[in-house]
Amino acid sequence: MKIRMDYNNMMQNGMAGKIEKLAPKIKKANAAMVEKRDKMAWRELPYNQEAVVKDISDYVAAVKDDIDAFVVLGIGGSALGPLAVQMALNHPFWNELPREKRGGYPKLYVLDNVDPERLVYFLDTVDATRCLFNVISKSGSTSETMSQFMIIQQVLEQKMGKDGARGRIVCTTDAKSGNLVTIAKDEGYKYFVIPSAVGGRFSEFTPVGLLPAAFCGIDIKGLLVGAAHMDENCKEPDIYKNPAHMYALLHYIGMTEGKNISVMMPYADSLKFISDWYAQLWAESLGKAHDRDGKVVNVGQTPVKALGATDQHSQVQLYAEGPFDKIIVLIGVDEYRETITIPKTYGEMPSLGFLGGVTHNELITTEQAATEYALTKAGRQNMTITLPKVTAHTIGQLLYFFEVATAYAGELLNIDAFDQPGVEEGKNATYAMFGRPGYEAKKAELDAAPAKDKKYIIG
Ligand code: PA5
């Protein structure tokens, strides 16, 4: 089952000619993708995770019956993938299902924020001693994740003692660097490794994504096989045969023409959280101040998350008639996993009668086609990615597709798609405000910043 990308509605206004003119740039980007492949360790993940998959499967089999819930403590690239995959592949009301309907697997929670209310309310809801907490942090120093970990560790130790708590914490982190691996070794926590050359937002096919997925009964081998399948398509040098490269190129051309917004609008609730995952990948990778030559470029596209058909009643008005600053990516599904038919209740009322006997499947796909038509008629650039069905294999393809597209867009923009200096600045400022040792200079810089003028604060 192959996902497909239809970019017909991007090809107006001489797009073919624009692509042709960019041939030298495309050739250079293709060469860079080949040359740098061994530096992009995430590209090999579909092929080199066999031992990891076995370790994960053995661990899940040994532990799952002893817990009610698997809880991810992570943020950004350490949370969005696990959530997206779970929501795509499992029942949308997974946690509400009786355990036997979950195939005997535990509930899943992803606690990514440090909103104090959320953590307190979460602890009100579950018996922490029956949860397995997966602390996911590549750096092992992210304040949000590590603070959650410290709170949870204290709660568990108070309730179960050190030995009991040990069995309720599993870490996913770098093998050598950072605090978390040191803590895991010192405290005797089981831990899984994120390969050091794989960055957070490209880590879904490492234990970051595979461990939570396996704890929810997801076919993790299927995810990897799907990713490998997409990798083959993405090796194609002909841009017209390489979906990820073409996706990136069309968005690159859009950016050069002021299309600074990338809208992702799946027509499937199951894919809603793929948009959150994509938003981080696209924003954090491509939003950069400087290019690789040090020139100030301030590039990137703002990702916007939408959901069909819901946002037809919210955002589509803007997409169809607002500024010409967006590329809209619709994501469709050929075959939904369920079918539901609308009864022929009000046959005598023309405005409702036409719905009688129609399935929701037909309604949502027709609405998607109608939106595509309306956007195109209004001269709005859009394209459609279709999954034959939402399966581990097609989700593996989809995630890998966007990862390659992001890397290729980075090449076209001549920026480093794998760093995040803008995020680091905020992290460092937080450390400085708390007086963390080593951040004295940053603290002085913050102290020297002009105070806020009260006249601009109302209320
Ligand atoms: O993509 C990234 O690198 C970031 O979004 C990180 O995933 C995020 O900041 C969390 O970092 P860490 O896994 O080190 O806690």
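A salt bridge is taken here as a side-chain nitrogen of Lys or Arg within 4 Å of a carboxyl oxygen of Asp or Glu. The model is predicted: local features need pLDDT of at least 70, side-chain atom pairs count only at pLDDT 80 or more, and totals for chains, interfaces and linings use all residues. Residues are numbered from 1 along each chain as its sequence is written, and side-chain values use heavy atoms, with hydrogens and water left out.

**View A. Salt bridge between Arg 4 and Asp 334**. The closest N and O atoms of this pair are 2.8 Å apart. The pair links distant parts of the chain, 330 residues apart: Arg 4 is in strand 1 (residues 4–6), and Asp 334 is in the loop between strand 11 (326–333) and helix 13 (350–353). Helices (H or I, at least four residues) and strands (E, at least two) are DSSP runs, numbered from the N terminus. Arg 4 has a relative accessible area of 43% and is partly exposed; Asp 334, at 43% relative accessibility, also counts as partly exposed. Buried means under 20% relative accessible area, exposed over 50%, and partly exposed in between (1.4 Å probe, protein chains only). The structure holds 29 salt bridges.

**View B. Salt bridge between Arg 43 and Asp 231**. Here the closest N and O atoms are 2.7 Å apart. Arg 43 lies in the loop between helix 2 (23–35) and helix 3 (50–63), and Asp 231 lies in helix 9 (residues 220–233), so the pair ties together parts that are 188 residues apart in sequence. Arg 43 and Asp 231 are both buried. Salt bridges with shared partners join Arg 37, Arg 43, Glu 44, Asp 231, Glu 232 and Lys 235 into one network.

**View C. Salt bridge between Lys 326 and Asp 325**. The closest N and O atoms are 2.7 Å apart. Lys 326 counts as buried because its relative accessibility is 8%.

**View D. Aromatic pairs.** The structure holds 18 aromatic pairs. The ring centres of Phe 149 and Tyr 189 are 6.1 Å apart and the planes are at 90 degrees, so this pair is edge-to-face. Phe 149 lies in helix 6 (residues 143–166) and Tyr 189 in the loop between helix 7 (179–187) and strand 6 (190–194), so the pair ties together parts that are 40 residues apart in sequence. Phe 149 is buried, with a relative accessible area of 3%, and Tyr 189 counts as buried at 5%. The ring centres of Tyr 278 and Phe 402 are 4.9 Å apart with planes at 55 degrees, so this pair is tilted. Tyr 278 is in helix 11 (residues 272–286) and Phe 402 in helix 15 (residues 392–413), 124 residues apart; both residues are buried. Rings of Phe, Tyr and Trp (its six-membered ring) pair if their centres lie within 6.5 Å; planes under 30 degrees apart count as stacked, over 60 as edge-to-face and the rest as tilted.

**View E. Aromatic cluster.** Trp 42, Phe 202, Phe 205, Tyr 400 and Phe 418 make up one aromatic cluster.

**View F. Charges over rings.** Lys 190 lies over the face of Phe 192, at 4.8 Å from the ring centre. Arg 436 lies over the face of Tyr 431, at 4.1 Å from the ring centre. A charge sits over a ring if NZ of Lys or CZ of Arg is within 6 Å of the ring centre and within 35 degrees of the ring normal.

**View G. Cysteines.** The structure holds zero disulfides, a disulfide being a pair of cysteine sulfur atoms within 2.5 Å. The closest cysteine sulfur to that of Cys 131 is in Cys 216, 13 Å away, too far for a bond. Cys 131 is buried, with a relative accessible area of 1%, and Cys 234 counts as buried at 3% relative accessibility.
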